[in-house]
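User: Hello! I am new to this structure and would like to learn how to read it. Could you guide me?

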Amino acid sequence: MKSARDKVPLEQVLKSLGDPVRLSIVRQLLDAGNHEIACGCFDYEVAKATFSHHMAVLEEAGIVQARIDGTRRMMSLKLDELNKKFPGLLALVASHA
């Protein structure tokens with residue numbers, strides 16, 4: 001049985017990536033490779049609440065996932081899922097930095 005995130009349409013993923021802040025988040029995660037980044041360690045120039053909203057949009061689109069580690073919220077890309085569902089998308093995002 002497919003989860004709601006498995007049914008995320010390409011349009012929602014592209015819309016999520018259409019914002020410069022969210023695109024920057026994805027690029028920072030791509031630069032980290034298979035490593036997680038704590039939410040407080042991202043480079044961003046928006047209010048914390050705005051940044052949290054952007055993270056939520058990326059999670060809803062199935063682009064990132066969160067893991068709680070004590071008091072930190074660790075973020076990572078859903079690399080395998082994205083590459084399987086949308087081949088070449090992340091390479092395109094990385095190449096236009």
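Predicted model: local features only at pLDDT ≥ 70, side-chain atom pairs only at ≥ 80, totals over all residues.

User: Leaving aside its neighbours within four places in sequence, which residues is Ser76 in contact with?

Analyst: Residues are numbered from 1 along each chain as its sequence is written, and side-chain values use heavy atoms, without hydrogens and water. Contact means heavy atoms within 4.5 Å. By that rule, Ser76 is in contact with Leu29, Glu36, Ile63, Val64 and Gln65.

User: Is Ser76 buried or exposed?

Analyst: Buried means under 20% relative accessible area, exposed over 50%, and partly exposed in between (1.4 Å probe, protein chains only). Ser76 counts as buried because its relative accessibility is 12%. Ser76 lies in strand S3 (residues 72-77); helices (H or I, at least four residues) and strands (E, at least two) are DSSP runs, numbered from the N terminus.

User: How do I read a helix, and which residues of H1 are buried?

Analyst: An α-helix has 3.6 residues a turn, so residues three or four places apart point the same way. In H1 (residues 10-17), the buried residues are Val13, Ser16 and Leu17. They sit on the same side of H1 because they cover an arc of only 95 degrees around the axis, taken from the directions from the helix axis to the C-beta atoms. Glu11 and Lys15, on the other side of H1, are exposed.

User: What covers the buried residues of H1?

Analyst: The cover includes helix H2 (20-31), helix H3 (48-60) and helix H5 (89-95).
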